[in-house]
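Subject: Structure handover

Hello,

Here is the structure I promised you. Please open it alongside this note; what I found follows below.

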Amino acid sequence: MALTPALLIGPDRHGRSVALADGLVVAMAPPGAALLPCPAGEIAAGAVCAHTHLYSGLVRYGMPQLTPAPDNFLEILERLWWRLDRALDAEILRAAATDYVARALLAGTTALVDHHESPSMIEGSLEILAEVCQQLGVRALLCYGATERNGGAEEGRRGLAECRRVQPSPLLRGLVGVHASFTVSDETLRAAGRQAFDLGTVVHVHVAEDTADVADARARGYPGPLERLESLDALPRGSILAHGVHLTRDEVRRCDEQAYWLVHNPRSNEGNRVGYAANLSAADRVALGTDGWTADMMAEQEELFRLAASHGDDTVTDRLGNGHALIAERFGTKPRPLEVGALGDVVVRQDGLVKHVVVGGRVVVADGRLITSDFEGIAADGEIQAARLWRRMANF
Ligand SMILES: [Zn+2]
C-alpha cells in the first residue's frame, strides 16, 4: 500500500505546526511535503470514539418508535436493536456505516472503536465496514460481536471466525468481539480469549451495562460478568469493556490493575435508563464512547459533564483524551497525541467549527467539507436504505 504523502499543518494562530510523514507525527516535515496552512485556526488532536456501532448509522432517518414504550433494557434490546441487527443486509449496512463515518469525520472524530452485529449476514460484514473506513479515511478497530442468542454455538463460532478476517492496514486493526456475557456460552468465551491471544489482539465486549448481565452471571455461579469473563480467560490485558455501569468499585479497580479499558457511554446509558456509571471513577483507564449515537465527541463529553454534575460526581477525569492511549496500544504508537511518533490524526478548528481533518496524514475534511466522498449523496442514500430497513424490521 502506498504511503501517505508528507504534510505540514500550520502554523495555526498560536504559531504551532505539526509535521506528518508515513502516517505519523514527525519532528520535521521532509522536503516536498504538502502544506496545509491555518493561520486563523487551532490545531488539536482528532477525537477518539472508544465504543460504537456503525450499523446504527441510519437511526437518524426516522426510526419508528416502539409502542408501547419498552419497560426495561432487555425489552429495548429484544424489540428494537436485535430486530434491527437481524434486518441488516449488505446495502443497508454499507449505507449506515458510510453515513456514520462521514458525520464522525465532519465532527472531528478520527478514530472509531466499532462493535458490529448482523446475524443474517455474518460472513463478509466486516469487509464492508473495512471498505467504508478505508474509502472515507477514518481510523478504526473492527470486530464482530459473537453471540449465541439467535443461532446457538454455531452462531458464536461464525462470529469469532468473522473477526479473523479483518486485514490490518495503516488505518485498521481487528479485535475479537463478544456481544456480552449473558448471550454466550463458556465455550465461546474461552474460544474468544484464545483467538485474541493467537492474533495478538484484545477482546471487545459489553460488560455490566444493565443489571440483567449481572443477574445472568450470578445465576451461572459467578459474582458477576467480569469474574465470569476472567475465569474463562476471555480478557487479555488491554481488552475493551463497554459500559461497566453495574461493576462495583473493587471490580473497576481490578480492571485498571489488569490494564483493561472501560468505556463510558453517557448518552446511551441515559437513553436506555441503565443508570449513571458512578463507579468508573475508581479507574484511570476509562475512555469515552457513544454506543451508536453520532460520534460527535464534544457533545458526548458535554453530556458526561452534565450527568456527572447532576450526580454529584466531581471525580471525572479526561475520558475523551484517554481514547488516544487506547488507540495507540492497538497501533503500537506513542500514546500522547501530536507528539513525535503519535498517529497523524489531526483536527483544525476555527471559530468553534471543524475546518480541516487529517487521518494518518491524509486530508479527509477540508474547509468543513468531506473530500473523500460526496456527503449529499451519502445522506440521500441513507434515507433510501433507512426506509428499506424499517420495512425489513417488521419481518424480523
Ligand atoms: Zn454497545
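Start with Ala234. Leaving aside residues up to four places away in sequence, Ala234 touches Val178, Leu189, Arg190, Ala192, Gly193, Val203 and Leu229. Contact here means that the C-beta atoms of two residues, placed from the backbone, lie within 7 Å. Ala234 sits in the loop between α7 (225–231) and β13 (240–243). Ala234 counts as buried because it has 25 C-beta neighbours inside 10 Å. (A residue is buried if 20 or more other C-beta atoms lie within 10 Å of its own, exposed if 12 or fewer, and partly exposed in between; C-beta atoms are placed from the backbone.) Leu189 is 45 residues from Ala234 in sequence, yet their C-alpha atoms are 5.5 Å apart.

Two notes on the model. It is predicted: local features need pLDDT of at least 70, side-chain atom pairs count only at pLDDT 80 or more, and totals for chains, interfaces and linings use all residues. Residues are numbered from 1 along each chain as its sequence is written.

Helices and strands are named as DSSP runs, numbered from the N terminus (helices are H or I, at least four residues; strands are E, at least two).

**The α2/α3 pair**

Helix α2 (residues 90–106) packs on helix α3 (residues 125–136) at about 35°, with the axes 9 Å apart. (Axes are lines fitted to C-alpha atoms, for helices over the stretch in contact; angles run from 0 to 180 degrees between N-to-C directions.) From α2 come Ala90, Leu93, Arg94, Ala97, Thr98, Val101, Ala102 and Leu105; from α3 come Ser125, Ile128, Leu129, Val132, Cys133 and Leu136. These contact residues divide into 11 nonpolar, 2 polar and 1 charged. (Ala, Val, Leu, Ile, Met, Phe, Trp, Tyr, Cys and Pro count as nonpolar; Asp, Glu, Lys and Arg as charged; the others, Gly among them, as polar.)

The buried residues of α3 are Ser125, Leu126, Ile128, Leu129, Ala130, Val132, Cys133 and Leu136. They pack against α2, β7 (109–114), β8 (139–142), α4 (152–163), β10 (172–174) and β18 (362–366). After α3 comes Gly137, with a positive phi near 90°.

**Parallel strands**

How many residues of β7 are buried? The count is 6 of 6, so β7 is largely enclosed by the rest of the structure. Strand β6 (residues 47–52) runs parallel to β7, joined by 4 bridges. (Two strands pair if DSSP finds at least two bridges between them.) Cys49 has Leu112 of β7 as its bridge partner. β7 also pairs with β8, again parallel, over 3 bridges. There Leu112 partners Ala140 of β8.

Strand β11 (residues 176–180) is mostly covered, with 5 of its 5 residues buried. Strand β9 (residues 145–146) runs parallel to β11, with 2 bridges. Gly145 is bridged to Gly177 of β11. Strand β12 (residues 203–207) is also parallel to β11, over 4 bridges. Gly177 stands opposite His204 of β12.

**The antiparallel sheet**

β18 and β19 are joined by 2 bridges. Val365 has Leu370 of β19 as its bridge partner.

Best wishes
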